[in-house]
Amino acid sequence: MRQRPPRSNYDMYNNLESGRGGRGGRGNGMSSHEANANIMESQNNDRISELSDQVARLKGLTLDIGNEVSEQNNLLDGMGDSFGNVGDMLTGSLARMGIMLERGGAKHMCYLVAFVVFVMVFLYWLVR
């Protein structure tokens, strides 16, 4: 059985408006109901293909978002580990500073306070 090539919506509308139906004559052609059904089916098929394209795009976007979230989680985990290491270093530094203050007495504490005051004044001068 030989199939006819699909016709455009424009041809179908023109045939309906001219009263020819689908095949040229009124008696042997498609009825207007059949032509309307064909037009609606064609439009539905077009809309279905548009929807499938949009769904494919959305699927790609969700995959990209998932990959980005995974990368960001890995980055945040690495940063958390780094901050944990920095915290450990600061704890060790404070412990060593406490030992130094116990051994050196008030002289080292005066140097430390003078240094902190100098840094604060310098930062104030830079910001101003």
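## Helix α3

Helix α3 has 22 residues, and the distance from its first C-alpha to its last is 32 Å, close to the 32 Å expected at 1.5 Å a residue. The expected span is 1.5 Å times one less than the number of residues. Helices here are DSSP runs of H or I with at least four residues, strands are runs of E with at least two, and both are numbered from the N terminus.

This is a predicted model, in which local features need pLDDT of at least 70 and side-chain atom pairs count only at pLDDT 80 or more, while totals for chains, interfaces and linings use all residues. Residues are numbered from 1 along each chain as its sequence is written, and side-chain values use heavy atoms, with hydrogens and water left out.

## The whole chain

The protein chain has three helices and zero strands, in the order α-α-α from the N terminus. Of its 128 residues, 6% count as buried. Buried means under 20% relative accessible area, exposed means over 50%, and partly exposed lies in between (1.4 Å probe, protein chains only).

## Cover of α3

F118 is found in α3, which spans residues 106-127. This residue is exposed, with a relative accessible area of 54%.

## Confidence

The mean pLDDT (the predictor's confidence in each residue, from 0 to 100) of the protein chain is 80, and 75% of its residues reach 70 or more.
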